[in-house]
Amino acid sequence: ESGGSLIGNPTSRALAIASPAFAGCSNCSIETALQANGNGKVIFLSWFQDKKNTLELIMDEAKDKWVFKRKLNGKLVNKLKADRTIDPNQSYAVVMMFDGNSWRVFINGEFLFEIFDTFAGTPSGTVGLKVRSTTGAMDYIHVN
């Protein structure tokens with residue numbers, strides 16, 4: 001952690017999980033800013049319970065691709081991809097929302113993904129940052 005940001009600077013991989021977890025919600029959002037400084041991947045974990053139960057938003061700078069994955073009980077239940085230019089050393093505002101029926105993702109105010117989900121109960125967890133083969137940063141975290 002540096003200046004209010006989580007910074008990952010690995011030789012290959014790094015993982016940082018924020019604490020404490022939030023109790024969950026049926027209508028809420030998580031906001032942050034992601035930045036990659038090389039040709040690797042910066043991965044934003046949201047509603048993270050463990051490696052088997054999480055949402056991942058992957059910013060793949062080398063391929064100019066965003067990938068949204070939902071894992072439940074160790075199985076990949078949803079995966080969407082979108083091609084968008086990702087510039088090094090540029091911050092991207094990320095908003096992930098859950099309204100009780102679907103997960104939606106916005107990058108810099110632009111709608112990117114929606115996954116409809118019949119989630120049993122109220123999703124809970126925490127947020128985190130993973131990086132692979134790059135220096136990556138997650139600035140502020142706002143849970144609403």
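Q: What pattern does the chain follow, read along the sequence?
A: The pattern is β-β-β-β-β-β-β-β-β-β-β-β. The chain has twelve strands and zero helices; strands are DSSP runs of E with at least two residues, helices are runs of H or I with at least four, and both are numbered from the N terminus. This is a predicted model, in which local features need pLDDT of at least 70 and side-chain atom pairs count only at pLDDT 80 or more, while totals for chains, interfaces and linings use all residues. Residues are numbered from 1 along each chain as its sequence is written, and side-chain values use heavy atoms, with hydrogens and water left out.

Q: Why is Ile-30 called buried?
A: Buried means under 20% relative accessible area, exposed means over 50%, and partly exposed lies in between (1.4 Å probe, protein chains only). Ile-30 has 0% relative accessibility, so this residue counts as buried. Ile-30 is part of strand S3, residues 28–36. The C-alpha atom of Ile-30 is separated by 5.3 Å from that of Met-96, although the two residues are 66 apart along the chain.

Q: What percentage of the residues of the chain count as buried?
A: The chain has 144 residues, and 44% of them count as buried.

Q: How do you know that Glu-56 and Lys-71 meet in a salt bridge?
A: A salt bridge needs a side-chain nitrogen of Lys or Arg within 4 Å of a carboxyl oxygen of Asp or Glu. For Glu-56 and Lys-71 the N to O distance is 3.2 Å, which meets the rule. Glu-56 belongs to strand S5 (residues 53–60) and Lys-71 to strand S6 (residues 65–72), so the pair ties together parts that are 15 residues apart in sequence. The whole structure has five salt bridges.

Q: What else joins the side chains of Glu-56 and Lys-71?
A: A polar contact of 3.2 Å joins them. The rule asks for N or O atoms within 3.5 Å, one able to donate a hydrogen and the other to accept it within protein; residues adjacent in sequence count only if both atoms are side-chain atoms.

Q: Which residues does Glu-56 touch, not counting residues up to four places away in sequence?
A: They are Ile-43, Phe-44, Leu-45, Val-67, Phe-68, Lys-69, Lys-71 and Lys-130. Contact here means heavy atoms within 4.5 Å. In the chain, of the contacts with a separation of 6 or more, 61% are between residues 24 or more positions apart.

Q: How do you know that Glu-110 forms a salt bridge with Arg-84?
A: The closest N and O atoms of Glu-110 and Arg-84 are 3.1 Å apart. Glu-110 is in strand S10 (residues 110–116), while Arg-84 is in the loop between strand S7 (75–83) and strand S8 (92–98), so the pair ties together parts 26 residues apart in sequence. Glu-110, at 40% relative accessibility, counts as partly exposed, and Arg-84, at 30%, does too.

Q: What makes Arg-104 and Asp-99 a salt bridge?
A: Their side chains meet at 3.4 Å, N to O. Arg-104 counts as partly exposed at 21% relative accessibility, and Asp-99 counts as partly exposed at 28%. Elsewhere, salt bridges that share partners join Glu-56, Lys-71 and Lys-130 into one network.

Q: How many aromatic pairs does the count come to?
A: The count comes to five. Rings of Phe, Tyr and Trp (its six-membered ring) pair if their centres lie within 6.5 Å; planes under 30 degrees apart are stacked, over 60 edge-to-face, and the rest tilted.

Q: Why is the pair of Phe-98 and Trp-103 called tilted?
A: The planes of Phe-98 and Trp-103 are at 35° and their ring centres are 4.2 Å apart, so the pair is tilted. Phe-98 counts as buried at 2% relative accessibility. Ring pairs link Trp-47, Phe-98 and Trp-103 into a cluster.
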